[in-house]
Each structure stands twice: as C-alpha cells, then as structure tokens.
Amino acid sequence: MSIESGRSVERSGRIDTAAVATLADLVIGPEHKALPPRAWGTTVREFLDTAPRLDDLQTPVLTLDRGALDGNIAVMAEWAAAAGVRLAPHGKTTMAPRLWAEQLAAGAWGITVATPWQAQVARAFGVDRVLLANPLLDPVGLRWAAAESALEPPFELVSWADSVETVAAMDRVLTEAGARVRLPVLVELGGPHGRTGARGLDAARTVAEAVRASERLELAGIGGYEGALAHDRAAESVAALRDYLDTFVRLHWELAGAYERPAIVSAGGSAYPDLVVERLASLADGGDTTVLLRSGAYVIHDDGFYAGITPISGLRSAMHMWARVLSRPEPGLALLDAGKRDQPFDEGLPVPQRISGSARVTKLADQHTFLELSEGGELAVGEVVRLGLSHPCTAMDKWRLVPVVDDADAERPRVIDFVHTFF
C-alpha cells in the first residue's frame, strides 16, 4: 500500500516491460497475414523503420487505431477509479502482452485469464498478479502454479472453485506435488441456467468450508460472472442481474469472517460493469476487501454488441477490417476478400463504413464477405472497404500480428506499431 492525500492506494500489477519490448525483434514471415513479402525476414522494428502506410499491406487486414486504444484505456481507468473499484482486465480478449502492459501502467490490479496456459503466457512476460476466472483443475497447470507461486519475487495466482469435488481434486494434485504454498481460491457463485458456479448460498458456503479445511488452499474471497445470465438490457434481464448480485453481497458478508487473507470480490464483464458497481462497490473498503472488475473488451471495444450495451461513454471501436472488392457479379452485390477466417461474426456481422450510399453485409463465407448495395450503389472492383466489427475476442484470435495505425479515419493511415498476439 502507498499513501496519497491521506488515502490508502493499492499498487498496480507489474509486467516485465523489457520482455514486452523484445516483441519488436520478432522476425516477420509468411505466417503473418497481410504483411507484404518484402517484409519477410525483417524484424517488426526494421519494417516500421520503413514508415509503411496501410495501403502498403495486403487485404484483408485487421487494424487497431492508436488513438482509440489510448482513449479507451484512459476512460476505463478513470471510470473504475471514480467508482472505487479495481480493474483486472480479461487478457483473453487480446492475448497481447503489449496491451496488457498499457492496461497495467494505467493502474490495473493485474490480468485476468481463463486457462492455465493463458496464465503461463502472462507469467512468461512477468505479470505478477493473475486472476484465473475458472476452476484450476488441470494437473500440469496446478503443479506449475504451485511451483511458480513459491518463487521470488512473489507471484500471485488466484483461481476459483465451485464445488467440493473441485476442492478435493485440487488438494489431491497439490499434495502429490508436495506444494510448498497455499494457493488462494475464490468461491464461485453461479446463477440459474448460467455457466460454472455454485448454485445458491448453501452450496457456496459448503465450498468455502471445504477450502478452509484444505491444507493446500486458502479462502481468498468470492467470484462470479453475471454476463452469463443475460445478453441485453431488457427490464427482466436487469432485474435478474441485480438479484444475482444481491446474492453475491449476501455471500460476501456471510463469509467475511472466514476469509484467510484480504478478500477479493470479483465480478463484472464488459456488458454490465455499471450494475456490478451499483451493487458491489460499497464492499470495497480500501484494505481488507478489493472489488475487482474483469472487463476485457473495453480496450478495443467494437461497432456492434458492446457498442450497443456498454454503459460507459467515451469508448470507441479501435478495430477495423479492410477488405477489397473482388467481384461485382450482379447488380447490388459485391464480394469482398475478407471472410470468417479473418473477422468475427458470432456477435453480429461486419458493418460497412465510409461507403457511398447504403450497404449491408448479408453473410460471410470462409474467405468472402457478401455485401448488398442499395440501388445505385457504386463500388468498383479493386476498391477497399472499411468494415466495423463486433466482438473483439473473436477478432484478435484470428491474427498473430495486428498492425496499429495512427488514425483509421485518415486518407492514408500510417502503420506505427504492431500488436503481437498469443492464441
């Protein structure tokens, strides 16, 4: 803890910035989509030294906008600070240590992940606080977590448990491994027809008792995911979410005397952070309890699902797909060279931008986008179209090296950086 203006302030998570910087030494090759063959064999740093423009790359290509990234990180950091909660942004959205470093530098508590392998990627870049928002049952992952947590400097990995069986399985592996530390665990509270998580207070209390009885685990708080219980902001959805979060609060107070360390209370994806703050922020006391939001999509945001549901103003989409018209086989139809292998489609189809007249994407094939043009719509074969996308999680996982442009609205955007992903 540090003291600023008489107030206790918990430190941010750390990452090895030198390790992140070495990503600029990555050698570009044919595995990096959209990069021109003339870049193959050069490092990222060397290619950037040639001052490339977006039109020096091949289509289709996914880009990130530097101004939007910076703005989104700042907006979310300020929003969380004003609400009195901490951010542990979900790293699975980008799997990009470069962006994790920027989020941590803006004050994030640590990085959230979904799998042991993702935790290992984070640790490979020196992230010192990882929240694994899932039960940690894989024996290889458990043994790694125990060994890594015993090293100096300290590494903190917090995982979840939602059943007595989970606790017993973790105990068994850790005992056989001769673990020298107790791994912190959050009791996961679920909801009807939701995802993982103990169903109801009685089940959650039983899990907490099992963790307390373990010699290898440590009761560190409670966790859950409200986003599995709704997908819109209809009145009934909001009511269900508030009911779940109120149960969350009751569980916290019932377990407050049983926690074996300063407690973590964690909920909050990217769709309903306002409801989580409304119900949980009062639990943060600046000392014994930290409320952690795990929102991950905000750093990139989108022009689809999250744009329509987020309560946070000032976020804007940093991602765009640039696709070329391959064919105009019939009136009112254009075929673009980007398809399902290049862009997300699970939370809505891409949206054409900066195009004369009205147009809409009607479907995607593996390597084609079907673009329906209004009567009189003009698009020439060879012309490049910018597409707005929905759902950054399933955009980033299709690209190993994502160009960062200075301004996606410029006439000829400059490529000023690359983001290396680990999927």
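**View 1. Helix 10 lies across strand 10 and strand 11 of this predicted model.** Helix 10 (residues 273-280) runs at about 165 degrees to strand 11 (289-293); axes are lines fitted to C-alpha atoms, for helices over the stretch in contact (heavy atoms within 4.5 Å), and angles run from 0 to 180 degrees between N-to-C directions. Helices (H or I, at least four residues) and strands (E, at least two) are DSSP runs, numbered from the N terminus. Local features need pLDDT of at least 70 in this predicted model, side-chain atom pairs count only at pLDDT 80 or more, and totals for chains, interfaces and linings use all residues. Residues are numbered from 1 along each chain as its sequence is written, and side-chain values use heavy atoms, with hydrogens and water left out.

**View 2. Here is strand 11 with its two neighbours, strand 4 and strand 10.** Five bridges join strand 10 to strand 11 in parallel, with I264 opposite T290. Two bridges join strand 4 to strand 11, also parallel, and R86 stands opposite L292. Look along strand 11 itself: T289, V291 and L293 point one way, T290 and L292 the other, and all are buried (under 20% relative accessible area, 1.4 Å probe, protein chains only).

**View 3. Now for helix 4 (residues 97-105), which is mostly covered.** Seven of its nine residues are buried, among them W100 and L104. Their cover includes helix 1 (17-21), helix 3 (66-83) and strand 19 (415-420). Just after helix 4, G107 takes a positive phi of about 115 degrees.

Conventions: Buried < 20%, exposed > 50% of the residue type's maximum accessible area, 1.4 Å probe, protein only. Pairing = 2+ DSSP bridges.
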